[in-house]
Amino acid sequence: MTFSPLFSLNSKGLPGAVVSALRSVLGSRESGLHEPHFIGNEINYLNECIRSGYVSSIGPFVSKFESDLASYTGINHAVAVVNGTAALHVALILSGVKPNDEVLVPALTFVATANAVHYCNAIPHFVDSAVDTLGIDPISLRNYLSTFCEIRGAECINKITGRVIRVIVPMHTFGHPVNMEELCLVAEEFCITVVEDAAEALGSTFMDRHAGSFGLISTLSFNGNKTITTGGGGAILTNDPEIAERARHLTTTAKLPHRWTFEHNELGYNYRMPNLNAALGVAQLEKIPEILSAKRLLFNRYLKAFSRVRGVSLFVEPEHCRSNYWLQVLLLDDTHLSERLAVIEATNNEGYGTRPCWNLLPTMPHLAGGPCAPLPVAQQLVSRIINLPSSPFLV
Ligand SMILES: *Cc1c(COP(=O)(O)O)cnc(C)c1O
């Protein structure tokens with residue numbers, strides 16, 4: 001029996017074939033890249049906030065959301081904050097990042113990962129990704145660090161800049177976990193603390209442990225386009241009770257608890273999540289099993305449809321991982337790179353909200369010129385990735 005690649009028989013070439021494959025999965029409805037999905041108690045809980053008057057930064061839903069997050073991820077403590085970027089900022093402070101330290105960050109990530117490093121007056125040092133996870137590649141990282149770092153008094157020193165490399169921030173790209181076993185080994189070898197940017201990875205696991213449970217601290221985002229949303233929101237996760245306590249203090253303007261006095265014992269931030277947002281979060285988290293299975297079903301439908309298109313493949317969760325499939329990833333073969341923009345344009349013209357991935361961070365003016373590893377894989381990934389409409393209600 002011969003198998004004919006159905007959609008590439010289309011006369012419109014690869015862009016036409018991708019449109020046909022998308023149509024076979026999504027029908028003709030318009031679809032954004034990732035839209036929120038409210039199928040549970042959202043309205044009930046919001047009403048409860050308004051009836052009770054607890055709409056702001058104190059209220060029962062904040063504590064409930066925090067304990068629900070902790071039990072869902074298996075991480076002991078969760079501190080809910082206003083967004084994922086604020087969560088990263090405080091996580092970096094609490095991981096010991098000092099002004100003029102270097103922080104290893106993937107070049108292929110959302111800009112917030114590196115911006116948070118600058119908020120600490122530290123310097124992002126960009127590193128390469130792996131093709132099999134789309135996140136930091138521990139193998140090339142080890143080789144890279146071996147060439148120019150030395151350990152002095154339990155600190156990793158960049159011999160070229162003379163600065164301390166204090167922290168590494170692996171980011172689980174589009175929900176696919178980094179190889180955290182290898183990455184933690186390399187970090188330990190070089191005395192570097194791990195802070196995970198798990199903004200995209202709620203519901204993903206590596207070796208049956210939740211993404212975000214490997215580092216000293218990790219962060220989540222509940223922005224409107226993430227797997228679950230609180231409107232805007234984020235969380236700081238840690239197994240360390242003292243760090244959790246410090247996170248709660250710093251995000252509450254460092255106010256000392258007292259019935260009436262205003263005493264703030266250090267520089268703090270107004271980063272606590274309001275009760276209204278947490279109410280949404282509690283309702284959303286109740287439905288995460290349904291959301292994740294819908295996203296996996298969508299992945300399987302895309303996998304089948306795109307197996308018939310020559311020149312592209314669908315990115316499949318890495319080994320030992322169960323991914324949340326936050327954003328579906330179509331990869332162009334090397335021979336079709338020149339058609340990337342044509343594919344994005346043709347699909348958007350038909351109402352399918354496909355997107356390129358981020359530009360590499362060191363190409364952005366405020367992040368250019370700093371320390372940077374060779375980025376052959378990240379560069380190649382940027383030219384190959386197209387994100388497909390990924391909302392859970394598309395199936
Ligand atoms: C969404 C996201 C964040 C944080 O985003 P906020 O909009 O501040 O909640 C951080 N890092 C990555 C990789 C993200 O995708």
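This is a predicted model: local features need pLDDT of at least 70, side-chain atom pairs count only at pLDDT 80 or more; totals for chains, interfaces and linings use all residues.
Residues are numbered from 1 along each chain as its sequence is written, and side-chain values use heavy atoms, with hydrogens and water left out.

## Rings that pair up

Search the whole structure and you'll find eight aromatic pairs (rings of Phe, Tyr and Trp, using Trp's six-membered ring, with centres within 6.5 Å; planes under 30 degrees apart count as stacked, over 60 as edge-to-face and the rest as tilted). One of them is Tyr269 with Tyr271: the centres are 5.1 Å apart and the planes at 20°, so this pair is stacked. Tyr269 and Tyr271 are both buried (under 20% relative accessible area, with exposed meaning over 50% and partly exposed in between, using a 1.4 Å probe and protein chains only).

Phe299 and Tyr325 are stacked too, because their ring centres are 4.1 Å apart and their planes at 20°. Phe299 belongs to helix H10 (residues 288–306), and Tyr325 to the loop between strand E13 (321–322) and strand E14 (328–332), so the pair ties together parts 26 residues apart in sequence. (Helices, H or I with at least four residues, and strands, E with at least two, are DSSP runs numbered from the N terminus.) Phe299 counts as buried because its relative accessibility is 4%; for Tyr325, also buried, the figure is 1%.

## Around the ligand

There are 15 residues around the ligand, and Gly84, Thr85, Glu200, Ser221 and Lys226 come nearest (a residue is near if one of its heavy atoms lies within 4 Å). Thr85 has a polar side-chain atom 2.5 Å from a ligand oxygen. For Glu200, a side-chain N or O atom is 2.5 Å from an oxygen atom of the ligand. With Lys226, the distance from a polar side-chain atom to a ligand oxygen is 3.2 Å.

Helix H4 (84–94) and helix H5 (112–119) are the elements giving two or more residues to this shell.

Terms used:
A polar contact is a pair of N or O atoms within 3.5 Å; within protein, one must be able to donate a hydrogen and the other to accept it, and residues adjacent in sequence count only if both atoms are side-chain atoms.
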